[in-house]
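Have a look at it before reading on.

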Amino acid sequence: MNEYCNIRVTASASYNVIIVENGLSYIGDYIKKEIGSCRLAMLTDNKVDSLYADTVIKSIEKSGMICSKYVIPNGEQSKNTDNVLKFINFMAEAHITRSDAVIALGGGVIGDMAGFAAAIYQRGIKYIQVPTTLLAAVDSSVGGKTAVDIPAGKNLIGAFHQPCMVFLDTATLKTLDPKVIRDGFAEVIKYGIILDANLFNVVSEATVADIKPIIKRCIEIKRDVVAADEFDHGMRGLLNFGHTIGHAIEKLSNYTVSHGEAVAKGMVRAAAIGAEYGLGDFSKPIIEVLKRYGFDLSCHYNAEEIYGAALSDKKRQDDEITLILPQEIGKCSLYKVSTKNLLSLLKRTEQL
Ligand SMILES: NC(=O)c1ccc[n+]([C@@H]2O[C@H](COP(=O)([O-])OP(=O)(O)OC[C@H]3O[C@@H](n4cnc5c(N)ncnc54)[C@H](O)[C@@H]3O)[C@@H](O)[C@H]2O)c1
Ligand SMILES: [Zn+2]
């Protein structure tokens with residue numbers, strides 16, 4: 001087993017993001033060291049369950065702890081209040097107490113749900129993120145945003161609740177479907193566009209031989225953003241680049257378009273809107289890099305449909321909405337746009 005790195009996140013709670021290679025069977029020892037002995041309630045999905053749950057549970061048991069497992073069907077459609085309540089009932093029946101912890105084994109769907117359940121069960125208990133997708137590794141497992149979807153929109157119920165530990169074994173990423181890997185690259189490319197031109201160039205130019213330094217860099221960026229604005233009053237909004245339109249597309253497609261795919265489409269549209277808004281036009285390099293990763297950038301919804309779905313987005317404030325637009329590659333800013341202006345910008349960028 002190789003420990004690749006350990007990144008300390010400092011927010012309302014501080015914790016380590018531990019990255020190892022082929023180290024899942026040592027997770028029990030890490031948990032004991034990081035948070036002490038406790039009972040664990042695992043949330044995972046059926047796919048990840050069949051691949052990794054046994055290894056994790058065996059390691060936890062070997063370290064002298066007990067782990068109860070709850071499995072939900074994989075996919076965004078599972079990220080709902082029903083499943084959160086079922087998992088919470090499961091925890092109550094397993095006698096999980098305030099000194100115990102939840103363990104999220106899976107991608108962003110599992111991490112968001114398990115984190116939310118941990119935030120509300122007995123007014124908040126600890127949780128450990130064990131991301132197994134690239135997207136969860138670089139983005140959702142760090143920073144403490146937890147949420148579930150409701151019919152009115154995506155992530156509309158949630159809480160800020162920091163994990164007490166993040167443990168990534170990069171070997172788990174080897175079993176990912178290439179399409180799911182690509183979803184993760186949407187967020188990697190996003191980090192490049194909003195805050196790190198060098199990262200953007202690295203993912204634009206070369207074939208990625210080793211993903212670990214890229215994951216590390218993304219987590220460092222997220223760490224810095226979360227340290228500066230944990231509760232999303234300012235610069236954390238930058239991480240939503242491509243997401244207002246992306247979330248609208250996810251919702252309109254009834255979540256058949258994946259989060260990464262929708263964010264890719266949203267970033268292209270946001271770049272076009274930036275150009276219409278009078279900022280520079282950075283569509284070309286953004287489209288080029290996303291195409292290199294095989295993203296389908298077409299949008300099957302018209303301006304009115306996107307506008308309607310985006311208006312229920314939580315980032316709306318009265319008759320204004322905050323858009324994140326690029327000033328250059330590696331630098332984005334937040335712009336408050338009237339909803340009327342948004343509709344007009346969406347119409348003017350319909351023909352991509
Ligand atoms: N909280 C945050 O800050 C934040 C940030 C970004 C995204 N998100 C959320 O993350 C979610 C998307 O996450 P995701 O892309 O990881 O989706 P996901 O959790 O649905 O995982 C994608 C698919 O990969 C499978 N899978 C997971 N790990 C695997 C492995 N190692 N090998 C093989 N298959 C595996 C899953 O079963 C699933 O079918 C969205 O709900 C999005 O809103 C949250
Ligand atoms: Zn995202």
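**Around the ligand**

Ligand 1 is surrounded by 27 residues, and Asp-45, Glu-76, Thr-132, Thr-133 and Thr-175 are the closest (a residue counts if one of its heavy atoms lies within 4 Å). This is a predicted model: local features need pLDDT of at least 70, side-chain atom pairs count only at pLDDT 80 or more, and totals for chains, interfaces and linings use all residues. Residues are numbered from 1 along each chain as its sequence is written, chains are lettered from A and ligands numbered from 1 in the order written, and side-chain values use heavy atoms, leaving out hydrogens and water.

Now for individual atoms. An N or O atom in the side chain of Asn-74 is 2.9 Å from an oxygen atom of ligand 1. The backbone takes part too: an N or O atom of Gly-108 lies 2.8 Å from an oxygen atom of the ligand, and one of Thr-172 lies 2.9 Å from a nitrogen atom of ligand 1. The protein buries 92% of the 870 Å² that ligand 1 exposes when taken alone (Shrake-Rupley method, 1.4 Å probe).

Which element gives the most to the shell around ligand 1? That is α2, with 4 residues. Helix α6 is also among the elements giving two or more residues, and it leads us onward.

**Two packed helices**

Helix α6 (residues 178-195) packs against helix α10 (residues 259-276) at an angle of about 40°, and their axes are 7 Å apart (axes are lines fitted to C-alpha atoms over the stretch in contact, with angles from 0 to 180 degrees between N-to-C directions; helices are DSSP runs, H or I, of at least four residues).

Methods: A polar contact is a pair of N or O atoms within 3.5 Å; within protein, one must be able to donate a hydrogen and the other to accept it, and residues adjacent in sequence count only if both atoms are side-chain atoms.
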